Amino acid sequence: PGSVLTKPIIWVEQLIIMLIFLASALISLFIDRDQFGEAWLEKAETEMLKCAEVLATCSAFLIVFFLSLNIARWWRLRTEGVGAIWSSITQLNMFLASS
């Protein structure tokens, strides 16, 4: 067994990811932002806001779906699990009372 951190492939993958991030950060730091123009930036901002709204809507839907599944699981456990135990206890009490 052992720890995940002892596997060298994970360290290599993390190093590659960090190098890609640093390269893209440095490129975006030194790039001339005026060459894109204000119109392009405003359009990009509008599109990003639309995308954020869609993602917010999707995440709300997914949270509701997740909660409904968890409540359904809980109810099934309550009715099938605890309900079966309660039924068995009742039958045992009836058996002991009739003896």
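**Figure 1. Overall dimensions of the predicted model.** The protein has a radius of gyration of 29 Å, whereas a compact globule of 99 residues would have one near 13 Å (taken over C-alpha atoms; the globule rule is 2.2 Å times the number of residues to the power 0.38). Along the principal axes, the C-alpha atoms fill a box of roughly 90 × 45 × 10 Å. Two helices and zero strands are present (DSSP runs of H or I with at least four residues, or of E with at least two, numbered from the N terminus). Buried residues account for 0% of the 99 residues (buried is under 20% relative accessible area, exposed over 50%, partly exposed in between; 1.4 Å probe, protein chains only). This is a predicted model in which local features need pLDDT of at least 70 and side-chain atom pairs pLDDT 80 or more, while totals for chains, interfaces and linings use all residues. Residues are numbered from 1 along each chain as its sequence is written, and side-chain values use heavy atoms, without hydrogens and water.

**Figure 2. The salt bridge between K50 and E47.** The closest N and O atoms of K50 and E47 are 3.8 Å apart (a salt bridge is a side-chain nitrogen of Lys or Arg within 4 Å of a carboxyl oxygen of Asp or Glu). A search of the whole structure finds one such bridge. The two residues are separated by about one helical turn because they lie three residues apart in helix α2 (residues 38-98). K50 is partly exposed at 46% relative accessibility, and E47 is partly exposed at 42%.

**Figure 3. M18 in helix α1.** M18 lies in helix α1 (residues 8-30). Its relative accessible area of 48% makes M18 partly exposed.
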